[in-house]
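Here is a quick walk through the side-chain contacts and the chain-to-chain interface of the structure below. Have it open as you read.

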Protein chains: 2
Amino acid sequence: MILVLIKKLEVTSARYLSVTTRRSSMAHVLNYNNMNPHIRSMEFAVRGPIVIRGEQLEHELKNGQIKSFSSIVRANIGDAHDMGQKPITWIRQILACASFPEFLKLSYIPHDVKTHVEEILADCGGKSIGAYTKSAGIECIRKHCANYIMERDGIQADYNNIIISNGASEAIRNILKLFANDQSPKQVGVMIPIPQYPLYSASLNEFNLAQIKYYLDEERNWGLSIDELERAINEAKSKYDVKAICVINPGNPTAQVLTRQNIEEIIRFAHKNKLFILADEVYQKNIHDPNSKFFSFKKVMKELGGDYKNYKDISVLIYSVELASFFSVSKGYMGECGIRSGYAELVNVDPKVIEALVKMISARLCANSLGQIALDAAVNPPKQGDPSYEQWLEETTSILSSMKERASLVQEAYSALEGISCSPIQGAMYAMPKIELPIKAIKKAQTLNVQPDFFYGMQMLEETGICTVPGSGFGQREGTYHFRCKIFLLLLLKKCNKYQKKLR
Amino acid sequence: MILVLIKKLEVTSARYLSVTTRRSSMAHVLNYNNMNPHIRSMEFAVRGPIVIRGEQLEHELKNGQIKSFSSIVRANIGDAHDMGQKPITWIRQILACASFPEFLKLSYIPHDVKTHVEEILADCGGKSIGAYTKSAGIECIRKHCANYIMERDGIQADYNNIIISNGASEAIRNILKLFANDQSPKQVGVMIPIPQYPLYSASLNEFNLAQIKYYLDEERNWGLSIDELERAINEAKSKYDVKAICVINPGNPTAQVLTRQNIEEIIRFAHKNKLFILADEVYQKNIHDPNSKFFSFKKVMKELGGDYKNYKDISVLIYSVELASFFSVSKGYMGECGIRSGYAELVNVDPKVIEALVKMISARLCANSLGQIALDAAVNPPKQGDPSYEQWLEETTSILSSMKERASLVQEAYSALEGISCSPIQGAMYAMPKIELPIKAIKKAQTLNVQPDFFYGMQMLEETGICTVPGSGFGQREGTYHFRCKIFLLLLLKKCNKYQKKLR
């Protein structure tokens, strides 16, 4: 069986390899050889060759070609609505009425939707979502974000430190870009977990920042050990100016939820090594394991007090850990990925750096207004007693509990498959099962000059229509192989099961 | 009088100068001294210190402070809705129904809005605007953009060459970024007009690309002369690898509309000098002068034929001019600035460069879905006979003819003011009057280390509440002074008139 698969894969791989090796036309002023080398070399596996092939297959199915599957399952990306999750009525009524305020007159629009929309429109130029907003976002929405954070952490938040963006991806990229310094004596380095969400590796590549990799420990449920952080920074120090550490909590693709103690250790480590912390907390509402709890880096840092406490007077040289925390409407119960909205909260950051950041983002004028309004609906939901509250509660609870259920089902189901093992899915939206591959398949992949799990993922797509992301796209320990898929569909598991049997 | 103004300005300027000169805290890991130097040095005058001061004044007014004006007039930016322009019902009904499809059931939603929304939702994952779209945009919307271009130019357009983005600003920045090459033996240079829209200078700065400035000739209504292009490139050639030319047509801030002959000359110049053309055509629907007509660079290039014709076989070494043309929903009759949507059409561009571009933008996943839908409503309006057609025609005609009227009124009114002259406003949305400043004011500005027209603009704001952008923010010939303001408000002219009298 495996030989047939390998034969098929040769054709598939050749098709993709051609993308990177075929001769570029030197006749072009701007060609593949002289274009931005950092963009040329960057990779973004979540939308990489397997996904592009998935799109082709989808076209082929549409055009009537016969396959062994009838549709493509896009398990490569945490895209809830694409998988059939229903939008939250509260969010959508607000978006619709803000777009076309005539609808505010409809009798069946609840009163709290009306007051919510009216408050936001009063803060928009000409009371229209068509006006540019301020570069950092609509003021009342930034205030609502600050309130949300205060309620979450029980700690003060200043709306002046909230910068709204077209999705958390843009926010993270904007902060990383601030570190790029081509005039620095040593290349600036940023610590990232392995496995990581490839936005980090792609953006570091683009900004010519060095990736300082620290490995998560799969044997201890993708735990983060300080010894490993120490190893990584000590090895990097002589060559790079290591300035920041990215932590993804809950983990993507690894689904672990950091303990409070672990977060404390990371903050102490960052403090000791003078590192700025980028806390990717976009899955903060997606905690599935009843024994896990989400703690924000900000809360833990503030509660640690002492050296870590915020300072008012920038002339005081007490060192305080600088932090950017990210939030997104794409995750949580919202799943509003297409709308592109998120924010960064900046804590202890040099006010002059914040000024420069706002200046930089002002060149793209503002984040999209409707995205900002969706963000508002997410951070400022109806309160108990409000007319929209019951429906909101029912919809959000149903989504979150269904995710919780699927998280444990998926993990059990994967673990039951031969040649697959899967760590507990404590949070976020993905499973990252480890796969054992036959030596023959590994060797064949090597001769094709592709990663063995890319080989596996591409073949699984061709055989079953399931689109996943190979572990090599996130990074993994040498000699281990994984794939990441979202936890949404059990259909996926059935197909995967069948494919596993075929492979053996 | 001028002395009182100067006294006041000293305080104002000191406040702003402090932004760039005050000591940054070296205690921070990321501080103003070690942050990305290209972001530190970048300027974006359209949202620069005058605008920031305008926002402060607005807060002061809100908090009850007494000024000689009761509101801030934001003439700094082409923000139609902020100035009271009404949104187009067709666009907004589509946005609202796409956000909350329940509204499609309402009897008073016209049938063409329903079919339009249904077609788009059918092309969205899970039929929801909450799903990520493809990186380059929703497929049917890219096809509608291609149709729009075909109808505009009478020439074939391929939707595979349309890349949708969060506004034309993002599209322009993405294309410019492709040229950045820190491994190039000579720094890569890009030709830009002076005056220019400062997105160009800011982005070139950020990407470490050299600005090769060509001056527009104010005496000939901001005309573009090939002699000046030759001068600019010849002076730059030895030091820089000049690879692209940006042309803004209709002009921003200069309001001229290029003749077809002028466009032909520019294309021949680009062809001769192997330059990629970035055609900023976002004001293509804003032509006010009855003797002017908009011609797209693509149409003119294709009709020139010969060496300029597109080639199918990239192995053929006939050189063809590479072109990116930009469109935006922020301009035209739409004025949907806050929604952030636009596209780039890429013509004759190396397919491998397009692949790399799509890979790069895939790291931010997709442009916001509702923006894409507003773009669709703009490029795919109702047809004669459709139920929404009459209202759409009435609304769009009224907006465009009112702009046309204001363009000529504003130009006449400025020209009638003492010490101000204003070139004809043939297109776009701005006036860029030239101002004569008293020598005393120029000297005082010099001692304050600010540009004289920044001095003028800041003082006009403090005195009248009008927020403009100084000519120095766009670039201008040495010794000339200007300000840019949008053509929306006549109130602005009255205030400006009063201020001019006071200044003298």
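## Charges over rings

Start in chain A, where the charged end of A:Arg260 sits over the ring of A:Phe295, 5.6 Å from its centre. Keep in mind that this is a predicted model. For another charge over a ring, look in chain B: B:Lys143 lies over the face of B:Tyr159, and here the distance to the ring centre is 5.0 Å.

## Aromatic pairs

Count up the aromatic pairs over all chains and you get 21.

## Where the chains meet

On the chain A side, 111 residues are in contact with 111 residues of chain B. Together the two chains bury about 9200 Å², and 57% of that is on carbon and sulfur atoms. A:Leu30, A:Tyr132 and A:Lys352 supply 9% of the area chain A buries against chain B, more than any other three residues.

In a salt bridge between A:Glu206 and B:Lys177, the side chains come to 2.6 Å, N to O.

Several elements of chain A give two or more residues to the side that touches chain B, including α1 (2-21), α7 (167-179) and α12 (351-362). The biggest giver is α12(A), with eight residues.

Definitions and conventions:
Residues are numbered from 1 along each chain as its sequence is written. Chains are lettered from A and ligands numbered from 1 in the order in which they are written. This is a predicted model: local features need pLDDT of at least 70, side-chain atom pairs count only at pLDDT 80 or more; totals for chains, interfaces and linings use all residues. Side-chain values use heavy atoms; hydrogens and water are left out. Rings of Phe, Tyr and Trp (its six-membered ring) pair if their centres lie within 6.5 Å; planes under 30 degrees apart count as stacked, over 60 as edge-to-face and the rest as tilted. A charge sits over a ring if NZ of Lys or CZ of Arg is within 6 Å of the ring centre and within 35 degrees of the ring normal. Contact means heavy atoms within 4.5 Å. Buried area is the accessible area (1.4 Å probe) that two parts lose on being put together, summed over both. A salt bridge is a side-chain nitrogen of Lys or Arg within 4 Å of a carboxyl oxygen of Asp or Glu. Helices (H or I, at least four residues) and strands (E, at least two) are DSSP runs, numbered from the N terminus.
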